[in-house]
Structures are given as C-alpha cells and as structure tokens.
Amino acid sequence: MKRLLFALLLVLAAVPGFSQKPNVIIILADDMGYGDIQVLNPDSKVPTPSLDRLSKEGMTFTDGHSGSGVCTPTRYGMVMGRYCWRTWLKRGVLNGYSTHLIDPERYAIGHLFKQAGYATACIGKWHLGMDLPLNKKTLDLTGTVKNGPNAQGFDCFYGITASLDFPPYVYIENDRVTAESVEMKPGESFPHYIRAGETGAGFEHEASLDHLTEKVTSYVTEQAKAKKPFFVYFPITAPHKPAWPAKRFVGKSGIGLYGDFVMQVDWTVGQVMKSLKENGVDENTLVFYTSDNGSYMNRLDAPECPEHLSSGSGKSEDGSDHKTSSSIQGYLSNTHTANGVFRGTKTDVYEGGHHVPFLVRWPAKVKGGTTSDTTVSIVDIFKTCADIIGEQVPDGDAEDSFSFYKLLAGQKGYTRPPVITHSSNGCFALHDDKWKFIATRGSGGRTSPKSKPFEKPYQLYNLRDDIRERVNVIETQTDVAEKLEARLLAIIDSSAAYK
C-alpha cells in the first residue's frame, strides 16, 4: 500500500503544476481597511465579490494585525518575520530613493522559499529601500540597482521602489530601471495625490495596478508549466493614495474614487484566482490576503477626526464627503466606514491603524468558510510558511514570527505570545488575549489626541467588551497594566523574553 501511494505521488509530481509542496502567493494590499470588504463589514457599500469568495473558500482571521500603522515597517515584518523597530527605522517610512533597509546578512522570506527549491518572485511595491543608480541625485538609467528584492532571495523582481505617491515613478526589473527616459512632473493634490518628481516616459499611475496584475498572472502561467513550486509576493499599490483607479472602474462604487479603487483591488484578487484556476494549480496554491495597515479615509463625523490633513482635506463643515466631493479625504459614517467600527485611521496605534483584513485560502488543506478570532500578525506569515513547506529558519532570524499553521489545519492547542503593534511616530501597543496596553496617551499618529512614544498617562482597553477603544480602564486595572507594561518592555529589549 505504501509503495502504491509513493508511486502515485511520483506520477502526480510529474503533472505540470502539481507539487506536494503548495505554491504560495501573498497579496499585500496597500492601505485597505477592515471595513472595506463586505464579508468583514456587512455595511460596506463597496462590492467585493472576489475577497468575499476568498473568505468563503478559506479561513478568515477576525483579529489579524499589521506590525505598524504605516507601510515600510509592516513590509519589513512581512519579509523578515521580525518587527521593524528592531532596525534603525524607529518611526515613519522610507521614500522612493531611500537606500536598503534590510541587512544583507539577514535571512528573508525569499531565502526561505528558495532554500526549499521554489521559483521566487516579488512583483509590486517594494518600499524597503534599494540602492538606486544616481547621478547628482537623479536616476542614471544605465546604472545597476543594488540591494533590492533580488538580494533577498527573489529570482525576479518587477515593480516600483515605494508608494505611487513617491517618485521616482518608474518600473524596475531585477537590477535595471526600465524607463528609456524620465522627465520631471509636478505634484497633484488629493485624490490624485502625488509628489513632484522624476517620471518615466509612458508611466501612468492609473494603469499601474493593471500592469502589475498582468505581470503576476503571466508569471503564474509560466510557472504552472514547470515542475517545481512557485512563491509570489505581490504587494499591490492600492487603494493607497493616489486614489486613481483605471477608467473602467470610475463611478462604479457610487461613493467616489476611493470606493472605485477598492473595487479594482477586488478585481485584481479575482484575476489572480482566475489564473490559478485556468492553469490547473488552484487546489494546491496557498493564498494569503492582508493589508499593510488600515485605510487613510477618515470618518468625518467621528469626534477624533483631524480638523485638517497635510493633503488639504479633512473634516467637512457642510455635510459633504468623498462621495460628493472627491477632494475630501474621508466619509461620513452613513456613506462608508473604511476601517469598520475601529477607532482611528492609518498611522495610529488605535485599532483602525493596524487591525486589517486577514484571509487565507488553500483548498487542498484549509476548510472553507472557517473563522478564527485568535490574534495573529503579519510577521507570523514567515514561520507559518516555514512550517508548511518544511523548512528550518536559522536561529536568530524571524524572531518575532510564530507559526499559526495549527489553526489552518484545524488543530487545537495553538498559543501565541503577545502581539506588538506600532504607530507611525513610534508608539507601542501590546495585545494579550482580551487586553490591549498602549504605551502613550494618544494615537501616536494622525488621530486626535496625538502623542509621543511613552508619553503618560498610558491606556488599557478590554477589547472583548470595548473594541472601539472608548473606555480606558488603566486606573481600575493597575495590576493588569503593570504586568503588560513589563512584558512589552521585555520584548522590546530582547526577543528572548518570548521564551
């Protein structure tokens, strides 16, 4: 019987697109809020059939978190399995010309899959720095890009250096800038918010998501013909500013360009799933879908909504919102709640900053329509993948990552140490079961009250009873607060505190 089973596996392994090890695709949205997806927020006005299907056919984590309220730190955690505040970047994000953040000596998720014999690709927004060829602070189109994704275990890279609001606006393929020429273009205000800077000939912001999607589906088609499994890290560019969907989506949501852009993100996910099906690799492909942080769209009628944002948008005094005026960066609650019921927005240590969609689909192994309320983090994807493909992570690497493979397999007995989240200006929060301890007096981001790291008085919330973070119980739960503060400081000081 064992010989028969082994022979069957050998036959199946010879079939194009089949492997005992699953193909893996990680789709990382850019600034999508928990409330943007209908299956997570029944009140969402934006149709999201592909993401709803992903949830229906896989496992939905209702307490999934990014490592930070902004882009770069979360992406570092995704690729490295460790919190970004362990590096020199303690706050904020990199820009499009920033040099590499990742220590070349460290072990990245690309190395993990390459070690296991996978074909590896990163397609999309990197935003972890790379050493661009420059001539007096402008791009040298004949030069070589160094210390980008190819140095982190990815066989191929195609994408942009940072967000679509950061120049240079050019595509990079492996170690080369693809633009034949560049010109300086002026900046624009919200909703088409971009900074002035170098732009490649023919580069169109509104075409970028479609272009990157086509690159991914073509890669799937190409790799499905090979005998070895593939890993694709697909950090998409939307619905981050500029809110600039392809023309065919404009007006489709009925709530403005942001809603239209969310619809295009959903379509993008659908195209990836369609390519898996058409190439016969759907059953044994593991798809993660999550977001690097919450949405930047404010809830205009919330008491903590900022009076004015740097983009020139903010609270509407006449009752209008993004639905009726595309220059307003926010919605009234009866129009749309991009971050669901959560307090705050992108940048914040409050839930709206980092409590994100977290969906996992793997038809061969994960039971469809299942839900988990266990707290997980994007940093955990690293060691979850290591468990799934049977690879060991070197000691000292991915130290903040904890595998949740048991949850995907429907097994009991999973426990995880506390999860840490971080705001744009470097404020910490620790999540432990129902408790959330915040080591600052405010949001640490854009939402009022604003605050600095370790600025007292601190905050403590029982999220099981108060998911909106309205009632600070730190004065009545001093023992809990002291215990969590000590745990937070120990983890910050050393990863050994997990043990």
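This is a predicted model: local features need pLDDT of at least 70, side-chain atom pairs count only at pLDDT 80 or more; totals for chains, interfaces and linings use all residues.
Residues are numbered from 1 along each chain as its sequence is written, and side-chain values use heavy atoms, with hydrogens and water left out.

Now the helices. Helices (H or I, at least four residues) and strands (E, at least two) are DSSP runs, numbered from the N terminus. Helix α6 covers residues 257–278, which is 22 residues. The expected span of a helix is 1.5 Å times one less than its number of residues. For α6 that should be 32 Å, and the end C-alpha atoms are 31 Å apart, which agrees.

How many of the 22 residues of α6 are buried? The count is 17, so α6 is largely enclosed by the rest of the structure. Buried here means under 20% relative accessible area, exposed means over 50%, and partly exposed is in between (1.4 Å probe, protein chains only). After α6 comes Gly280, with a positive phi near 70 degrees.

Helix α2, residues 49–56, has Ser50, Leu51, Asp52, Leu54 and Ser55 as its buried residues. Their cover includes α6, along with β2 (59–61), β13 (285–291) and β16 (358–361).

Next, the aromatic rings. Rings of Phe, Tyr and Trp (its six-membered ring) pair if their centres lie within 6.5 Å; planes under 30 degrees apart count as stacked, over 60 as edge-to-face and the rest as tilted. By this rule there are 23 aromatic pairs. Take Phe154 and Tyr233: the ring centres are 6.3 Å apart and the planes are at 25 degrees, so the pair is stacked. Phe154 lies in the loop between β6 (138–139) and β7 (156–160), and Tyr233 in strand β12 (residues 230–239), so the pair ties together parts that are 79 residues apart in sequence. Phe154 is buried at 2% relative accessibility, and Tyr233 is buried at 0%. Both belong to a cluster linked by ring pairs, made up of Phe113, Tyr118, Trp126, Phe154, Phe231 and Tyr233.

Two rings have a charge over them, by the rule that NZ of Lys or CZ of Arg is within 6 Å of the ring centre and within 35 degrees of the ring normal. The charged end of Lys215 is 4.4 Å from the ring centre of Tyr158, and that of Arg343 is 4.0 Å from the ring centre of Tyr350.

On to polar contacts. A polar contact is a pair of N or O atoms within 3.5 Å; within protein, one must be able to donate a hydrogen and the other to accept it, and residues adjacent in sequence count only if both atoms are side-chain atoms.

Which side chain does His354 meet in a polar contact? It is the side chain of Thr421, at 3.5 Å. The side chain of His431 also makes a polar contact with the side chain of Thr421, at 3.0 Å. His354 sits in helix α7 (residues 351–354) and is buried at 0% relative accessibility. His431 sits in strand β20 (residues 428–432) and is buried at 4%. His354 touches His431 itself, and among its other contacts are His65 and Lys436.

Asp321 is in the loop between β14 (298–299) and β15 (330–331), and is buried at 2%. The side chain of Asp321 makes a polar contact with the side chain of Thr335 at 2.7 Å, and a polar atom of that Asp321 side chain lies 3.0 Å from the backbone nitrogen of Lys323.

Last, the backbone. Most residues other than glycine have a negative phi, and most peptide bonds are trans. A cis peptide bond joins Ala238 and Pro239, with omega about 5 degrees; Pro239 is in strand β12. Another cis bond runs from Lys456 to Pro457, with omega near 5 degrees. Asn147 has a positive phi of about 55 degrees and is partly exposed at 27%. Asp433 has a positive phi near 60 degrees and is exposed at 58%.

Terms used: Contact means heavy atoms within 4.5 Å. Lists of a residue's contacts leave out its neighbours within four places in sequence.
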